[in-house]
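The exercises below are to be worked with the sequence and the 3D structure at hand. Each task is followed by a solution in steps.

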Amino acid sequence: MNTSSRLSESVKKTALAAGFDLAGIASAHEFPELTHFPAWIAAGHAGEMTYLESRDDVGQLRRASLKSVFPWSRSVVVCAINYNTAHPYSTNVSYPGHGWISRYAWSREDYHDSVLRRLRRVELKLKEASADEPIETRSYVDTGPIVERVYAKYAGVGWLGKNTCVINQKIGSWLFLGVIVTSLELSPDLPAPDRCGSCTRCIDACPTNALIAPYELDSNKCIAYLTIEKRGSIPEEMRKGIGQQVFGCDICQDVCPWNRKAPATDKTEFQPREGLVNPALVWLAELSEEGFRKKFRGSPVTRTKRSGLRRNALIAIGNRGGKTLLPMVERASHDPDAVVAEAAQWAKKRIETRKDVPRESRLR
């Protein structure tokens with residue numbers, strides 16, 4: 001085993017010792033999947049996520065070319081950690097009066113902090129092993145100019161599913177990714193083979209038809225984008241499909257056969273905060289600023305802000321609510337926040353014009 005191979009194995013062992021479930025290494029190549037990124041941006045599929053359109057000095061999309069951002073890059077270490085918990089999937093529950101917060105956002109600690117803390121240990125190992133010569137490293141958890149999932153594929157961590165998520169044959173797709181870009185020449189792993197086969201369950205299950213083709217997502221139609229990244233009012237034609245989702249969406253992963261037996265994590269920081277699994281919609285819709293800060297401090301949910309979360313809850317109420325909720329919705333329709341007020345007015349109209357609301361579907 002040569003020096004590069006020995007260091008590569010040592011780095012991966014360090015990642016597992018740090019608490020990651022998977023680790024692999026990819027070369028810092030311009031992989032074929034990255035050539036699709038500019039066309040995806042040009043088609044407007046990124047919606048309002050303008051940070052994805054960041055360009056270098058010559059106008060090239062930074063995320064489409066790692067070498068354009070880090071000319072010194074030679075290898076990418078990809079680490080993954082399972083965040084699944086022993087709770088039912090959203091497709092298996094429909095509690096009256098309750099919504100759904102995406103599984104990744106239940107955690108007691110923001111995953112950016114938790115994953116980065118572990119990633120730093122791996123980065124330190126790289127630097128210690130190369131003490132005799134200076135090296136460059138950059139560590140990222142969803143924050144860098146790199147399409148992590150592409151490098152995860154070529155690092156052998158998992159294949160890119162038709163729902164655009166990274167899927168591992170043994171532990172499924174409930175994975176947080178962390179990457180280290182380095183100037184070291186490490187031994188790359190073999191890419192993960194695609195095991196989606198002819199299955200289209202994720203595409204068929206998407207309520208808003210956001211998966212416009214296998215492996216292709218239009219963010220403008222994605223419930224996760226609409227409930228988290230979208231500012232202001234959500235387009236009316238998309239609201240019915242949102243259903244009970246109030247922050248993110250797990251449906252395309254819930255129905256994936258590779259997640260049927262996905263193991264639950266043993267990491268305490270990924271266990272859910274009280275009240276975030278199937279949260280009460282009325283509570284979210286009437287949440288005060290102080291209550292929002294207190295409950296979601298250090299949580300990914302803060303990304304949508306209080307206004308967005310209340311907007312989402314009112315849309316869910318409009319989709320699932322009974323007439324007993326009209327007094328609360330009426331109060332919200334006069335809210336000083338115009339986005340919240342508009343969502344409440346829409347919900348009010350939906351509830352009033354609904355001819356038949358089954359008892360089990362009414363909000364309490």
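**Exercise 1. The second largest pocket**

Task: State how much space lies in the second largest pocket, which residues lie nearest its centre, and how its lining divides by class.

Solution. The model is a predicted one.
- Step 1. The space in the second largest pocket comes to about 180 Å³.
- Step 2. Its lining consists of 13 residues, and nearest the centre lie L22, G156, V157, N168 and Q169.
- Step 3. By class, this lining has 7 nonpolar, 4 polar and 2 charged residues.

**Exercise 2. The open sheet**

Task: Give the strand order of the open sheet, then find the helices that pack on the sheet.

Solution.
- Step 1. The order of the 4 strands is β1-β2-β7-β4, with antiparallel pairing.
- Step 2. β1 (22-27) and β4 (137-140) each pair on one side only, which makes them the edge strands.
- Step 3. On average, neighbouring strands are turned by 20 degrees against each other, direction ignored.
- Step 4. β4 pairs with β7 (residues 175-182) over 4 bridges in the antiparallel sense. Within this pair, S139 is opposite I180 of β7.
- Step 5. Helix α1 (residues 3-17) packs on the sheet and touches β1 and β2 (75-82). The direction of α1 makes about 145 degrees with that of β1.
- Step 6. Helix α4 (residues 111-129) also packs on the sheet, touching β2, β4 and β7. Its direction makes about 35 degrees with that of β7.

**Exercise 3. Helix α11 against helix α12**

Task: Decide whether α11 is roughly parallel or roughly perpendicular to α12, and list the residues of the contact.

Solution.
- Step 1. Helix α11 (residues 289-296) packs against helix α12 (residues 305-320) at about 95 degrees, and the axes are 10 Å apart.
- Step 2. Angles of 65 to 115 degrees count as roughly perpendicular, so α11 is roughly perpendicular to α12.
- Step 3. α11 contributes E289, F292 and F296 to the contact, and α12 contributes K305, R306 and L309.
- Step 4. These residues divide into 3 nonpolar and 3 charged, with no polar ones.

**Exercise 4. Helix α12 against helix α14**

Task: Work out how α12 and α14 are oriented to each other and which residues meet.

Solution.
- Step 1. The axes of α12 and helix α14 (residues 338-353) cross at roughly 5 degrees and come within 8 Å.
- Step 2. An angle under 35 degrees counts as roughly parallel, and therefore α12 and α14 are roughly parallel to each other.
- Step 3. The α12 residues in the contact include R310, L314 and I317, and those of α14 include V340, A344 and W346.
- Step 4. By class, the contact has 10 nonpolar, 3 polar and 3 charged residues.

Conventions
Residues are numbered from 1 along each chain as its sequence is written. This is a predicted model: local features need pLDDT of at least 70, side-chain atom pairs count only at pLDDT 80 or more; totals for chains, interfaces and linings use all residues. Side-chain values use heavy atoms; hydrogens and water are left out. Two strands pair if DSSP finds at least two bridges between them. Helices (H or I, at least four residues) and strands (E, at least two) are DSSP runs, numbered from the N terminus. Axes are lines fitted to C-alpha atoms, for helices over the stretch in contact, and angles run from 0 to 180 degrees between N-to-C directions. Contact means heavy atoms within 4.5 Å. Angles under 35 degrees count as roughly parallel, over 145 as roughly antiparallel, 65 to 115 as roughly perpendicular and the rest as oblique. Ala, Val, Leu, Ile, Met, Phe, Trp, Tyr, Cys and Pro count as nonpolar, Asp, Glu, Lys and Arg as charged, and the others, Gly among them, as polar. On a 1 Å grid over the protein atoms alone, a cavity is a set of points where a 1.4 Å probe fits but cannot get out, and a pocket is an open set with protein on both sides within 12 Å along at least five of seven lines; lining residues have an atom within 4 Å of a point. Grid points are joined across faces, edges and corners, and a volume is the space filled by probe spheres set on the points.
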